[in-house]
Amino acid sequence: RTDFALKEIMSSGGAEDDIPQAERKTVTDFCYLLDKSKQLFNGLRDLPQYGQKQWQSYFGRTFDVYTKLWKFQQQHRQVLDNRYGLKRWQIGEIASKIGQLYYHYYLRTSETSYLNEAFSFYSAIRQRSYYSQVNKEDRPELVVKKLRYYARFIVVCLLLNKMDVVKDLVKELSDEIEDYTHRFNTEDQVEWNLVLQEVAAFIEADPVMVLNDDNTIVITSNRLSETGAPLLEQGMIVGQLALADALIIGNCNNQVKFSELTIDMFRMLQALEREPMNLASQMNKPGMQESTEKPARRENPHKYLLYKPTFSQLYTFLAASFKELPANSVLLIYLSATGVFPSGRSDSEGPYDFGGVLTNSNRDIINGDAIHKRNQSYKEMHCLHPGDLYPFTRKPLFIIVDSSNSVAYKNFTNLFGQPLVCLLSPTAYPKALQDQSQRGSLFTLFLNNPLMAFLFVSGLSSMRRGLWEKCQDYLRKINRDIAQLLTHSRSIDQSFLQFFGDEFLRLLLTRFIFCSATMRMHKIFRETRNYPESYPQLPRDETVENPHLQKHILELASILDVRNVFLENTLDDY
């Protein structure tokens with residue numbers, strides 16, 4: 001490619017002798033770096049997606065080459081313009097690749113600060129209009145590069161909760177798609193319009209709007225902030241385990257999604273991350289930080305995001321996480337998936353007799369029909385059964401199941417005596433509650449944004465910022481009280497307390513209890529299947545039906561003027 005580029009230059013720039021040696025070397029060096037960068041970037045696809053160590057040195061090399069390439073084209077722009085014919089969209093392509101590298105580094109490390117770096121490169125492309133000339137060239141593949149850049153930029157903005165930017169990008173992308181399909185009459189028009197529909201549905205998934213005084217929407221973040229988790233008070237005896245790894249699995253048939261993230265996955269991954277910091281003050285580039293410097297705070301747990309995995313994919317990632325889990329650490333498994341129910345009657349009540357949640361079968365299953373056509377005496381194959389997780393209970397395991405068959409996981413057995421907790425969603429919601437399942441599960445919303453979920457079940461769809469902040473303060477007080485209820489309980493299973501030392505797990509447990517208590521007090525949640533459950537069971541009178549907590553929930557309802565939605569004398573109803 002280098003020779004070809006030089007011949008091109010010679011033919012466009014006059015005789016070879018006219019080109020100074022230094023300028024010819026500049027072009028040769030640029031072509032070398034460009035080739036090398038493409039080669040390394042394409043090689044990223046071949047790296048294993050699981051396992052946390054093998055990829056780091058390769059990523060480091062790729063970053064090095066892209067950093068050199070970026071600086072090189074900045075220093076020698078004049079020569080490259082004149083002799084190489086460097087176009088602005090080519091500079092945009094380099095910036096876009098660097099943005100992708102940072103985004104993939106975030107996916108690999110779960111360090112939210114890398115999202116900010118991806119955002120700054122993607123923003124620069126837009127601000128400097130690197131792709132603006134693409135539409136003048138009669139090359140549809142270049143326009144597709146531009147459209148893909150927009151889609152990637154939108155994903156990063158969604159993850160950073162930059163909703164105002166997302167709305168602008170969607171409008172620009174819509175215009176670009178219209179222009180593209182009008183000019184080239186291509187077959188991928190339907191796919192690109194689907195991308196637009198998906199992102200529009202994703203933006204509107206939140207059931208409640210928080211409004212400023214001028215009626216603009218307040219963007220709320222649900223990542224862990226400094227004041228997020230209730231602090232441990234002196235004398236609270238809890239375990240020292242830390243959440244190190246999480247598998248976030250999304251396999252609901254009809255849920256809003258964008259890219260390979262369902263809304264449930266999107267909400268849960270934010271519940272397992274801290275607010276992003278500015279990276280510039282912390283380190284120079286990924287993989288290059290000095291190991292002698294201790295980070296100022298604990299890192300985010302590492303995550304794998306699995307959209308509609310097959311059983312073998314899920315098991316492979318699970319085994320990799322299990323293998324690499326450090327000492328005194330916890331593995332979290334979050335399952336948001338369609339329920340699979342046992343097809344035949346079974347006389348036994350073992351870990352494969354209650355069904356579980358759906359895994360992808362590589363072919364479409366319409367309402368699970370294909371599963372039931374086989375011999376009734378066999379177990380469901382495309383299903384993650386509780387028994388499938390037994391081998392992994394040799395290490396501390398924290399499981400969250402959001403599914404219409406979550407109760408299958410109530411029949412768990414702790415074989416190895418390690419800390420083990422399962423938080424299980426309701427299996428059905430009251431008919432009177434408008435069906436929101438497409439816009440994400442109510443249970444997961446409670447774990448991610450409990451106040452928004454509380455407002456939704458109270459029938460509220462918008463709220464002023466001042467009142468929202470007042471309620472958030474009150475909810476923090478409720479969380480502190482729930483933490484005390486748990487740690488002071490005399491009959492609670494020790495597993496809950498062993499997980500309670502970790503900030504993320506502490507917040508999930510307190511939100512779970514708030515969710516359960518709210519639903520048990522709500523007038524329309526009257527059936528057992530409307531309530532979350534857990535394994536091991538929580539002592540109800542000390543937690544989810546504690547009068548002190550019920551009083552707090554009524555108080556929160558009073559602040560919002562929705563007290564009539566809840567039962568006043570709940571204790572009398574049991």
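This is a predicted model: local features need pLDDT of at least 70, side-chain atom pairs count only at pLDDT 80 or more; totals for chains, interfaces and linings use all residues.
Residues are numbered from 1 along each chain as its sequence is written, and side-chain values use heavy atoms, with hydrogens and water left out.

The structure holds 24 salt bridges (a side-chain nitrogen of Lys or Arg within 4 Å of a carboxyl oxygen of Asp or Glu). One of them joins Glu93 and Lys97 (3.6 Å, N to O). Both residues lie in helix H5 (residues 88–109), four residues apart; helices are DSSP runs of H or I of at least four residues, strands runs of E of at least two, numbered from the N terminus. Glu93 and Lys97 are both buried (under 20% relative accessible area; exposed is over 50%, partly exposed in between; 1.4 Å probe, protein chains only). A network of salt bridges links Glu93, Lys97 and Lys145.

Glu545 and Arg520 form another salt bridge (3.1 Å, N to O). Glu545 sits in the loop between S13 and helix H18 (547–559) and Arg520 in helix H17 (residues 503–521), so the pair ties together parts 25 residues apart in sequence. Glu545 is buried, at 10% relative accessible area. Arg520 is also buried, at 8%.

Glu533 belongs to strand S13 (residues 533–535). Glu533 is buried, with a relative accessible area of 17%. Beyond four places in sequence, its contacts (heavy atoms within 4.5 Å) include Val407, Lys410 and Phe512.
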